[in-house]
Amino acid sequence: MAFARSRQALAIAGVLGLALSATACGTGDDKKSDTAGSAECAAYEKYGDNDGKKVTIYSSIRDIEADRLEESWKQFENCTGIEIDHEGSGEFEAQLGVRVDGGNAPDLAFIPQPGLLKRFADSGKLKPAGAETKKTAEENYPADWLKYSTVNGQFYGAPLGSNVKSFVWYSPKTFKEKGWTVPTTWDELISLSDKIAASGTKPWCVGIESGDATGWPATDWIEDLMLRTQTPEVYDQWTTHGIKFNDPKVVEAVDKAGTILKNEKYVNAGFGGVKSIATTSFQEAGVPITTGKCALHRQASFYANQWPQGTKVAEDGDVFAFYFPAIDATKGKPVLGGGEFVAAFADRPEVQAVQTYLASGEYANSRAKIGDWVSANNKLDLANVANPIDKLSVQILQDKSTVFRFDGSDLMPATVGAGTFWKGMVDWINGKDTATVLGGIESSWK
């Protein structure tokens, strides 16, 4: 969900600054004339001559992540002559609407919620992507991704960064010491949980407290279980209200999640019982893994930035993650995730050039080389992805057996996805029964 993505940016802000080296085309102060025609710029000739043109971008990306973003397109700027003016804001979702409605829209925006993108498209504010952007996007991204920025048959922009949410974090060191094996099926996951519980340790640690957004981590659990108990088509019906929120299919998924989340034998290691989940912050929830108090923590790839300083995140490190297993292998490899989409409010040639470049393999590899980034772009070379959890995420996204679906709460109307769904999950953790909670969420969907 979008809030999680903002938390990721804040977490990365605490990391030591990246020493940004000059590119082969020169520094950011160089003029286009200094590099135009050079071998390094040959790949950028297709974007045309836009010397002296400026393109504005608005997003939720800030701090060191924004520095990395701006470095990633520096060579493009130097070679094309386009100046990209990026502004990141912690109030992006609210302020984007204010700016657009006030006639002060950015040229491009990185929109992390397909529902918000659809709202701007339906109101006629967005410009359809140009033919070259559409062609580039279709060559480089799976159809599962492109449908989220397609509204009424019109394509509005390619994805940019991505995250994988279908992960379970664990300690490779502890697993080796205990003789535990990483589960590859749901039955193996439950069997492992039972084994750990029988040893006297509660296997799972969970936290859904997140300030004004408390509850969102629990909605991710439900979304992952919807993808594992139902078909992708049913998931799509659920997120668009094609089936009711209290449909028996949704009840099945919630109750399946409850076999872990509401099981006092399983949770909440290091914090208390089931109800402590509601008051445990999502940032701190996985930390007991590093002290041996907890064995399993389901959370997204971006949780790599939440571990205590000095924690080695690697397959042979202090912590790592494995794919949250499918329940029925015949349904493929369901993967829940999120990301942002490059949408345009202007269609000047230089704006289309930037939008096309950001959909390209050249851009994906340029950004990946700088570090701490994941993309579903199939032209991304794994050799350019250094971070182990990012590499695993890209492998999952590029796996042809992956059945990807976007975070459900970001697809729903905000009053539901970021409202009654979040709150309903808190009530559910605190003891309300599934039927009452889902019935309340259903009644809020208008």
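This is a predicted model: local features need pLDDT of at least 70, side-chain atom pairs count only at pLDDT 80 or more; totals for chains, interfaces and linings use all residues.
Reader: How do helix α4 and helix α5 pack, and at what angle?
Author: Helix α4, residues 92-101, and helix α5, residues 114-122, pack at an angle of about 10°. Their axes are 12 Å apart.

Reader: Are they roughly parallel or roughly antiparallel?
Author: Angles under 35 degrees count as roughly parallel, and α4 and α5 are therefore roughly parallel to each other.

Reader: Which residues make the contact?
Author: On α4 the contact is made by E93, L96, G97, V100 and D101. On α5 it is made by L116, R119 and F120. By class, the contact of α4 with α5 has four nonpolar, one polar and three charged residues.

Reader: Staying with α5, which of its residues are buried?
Author: The buried residues of α5 are P114, L116, L117, F120 and A121. Seen down the axis of α5, these buried residues fall within an arc of 160°, so they line one face of the helix.

Reader: What do the buried residues of α5 pack against?
Author: They pack against α4, and also against the strands β3 (108-111), β4 (150-151), β10 (333-344) and β11 (402-406). The helix α16 (408-411) is also among their partners.

Reader: And what follows α5?
Author: α5 is followed by G124, whose phi is positive, near 80°.

Reader: Turning to the strands, how many residues of β6 are buried?
Author: Six of the six residues of strand β6, residues 159-164, are buried, so β6 is largely enclosed by the rest of the structure.

Reader: How many bridges join β6 to β10, and do the strands run parallel or antiparallel?
Author: Four bridges join β6 to β10, and the two strands run antiparallel. For P159, the bridge partner in β10 is F341.

Reader: Now the loops. Where is there a cis peptide bond?
Author: A cis peptide bond joins V267 and N268, with omega about 10°. N268 lies in the loop between α12 (248-261) and β8 (297-298). As background, most peptide bonds are trans.

Reader: Which residues other than glycine have a positive phi?
Author: Among them are N152, with phi near 50°, and D372, with phi of about 55°. In general, most residues other than glycine have a negative phi.

Reader: Where do N152 and D372 lie?
Author: N152 lies in the loop between β4 and β5 (154-155). D372 lies in the loop between α14 (361-370) and α15 (388-398).

Note on methods:
Residues are numbered from 1 along each chain as its sequence is written. Side-chain values use heavy atoms; hydrogens and water are left out. Axes are lines fitted to C-alpha atoms, for helices over the stretch in contact, and angles run from 0 to 180 degrees between N-to-C directions. Angles under 35 degrees count as roughly parallel, over 145 as roughly antiparallel, 65 to 115 as roughly perpendicular and the rest as oblique. Contact means heavy atoms within 4.5 Å. Ala, Val, Leu, Ile, Met, Phe, Trp, Tyr, Cys and Pro count as nonpolar, Asp, Glu, Lys and Arg as charged, and the others, Gly among them, as polar. Buried means under 20% relative accessible area, exposed over 50%, partly exposed in between (1.4 Å probe, protein chains only). The arc is that of the directions from the helix axis to the C-beta atoms. Two strands pair if DSSP finds at least two bridges between them.
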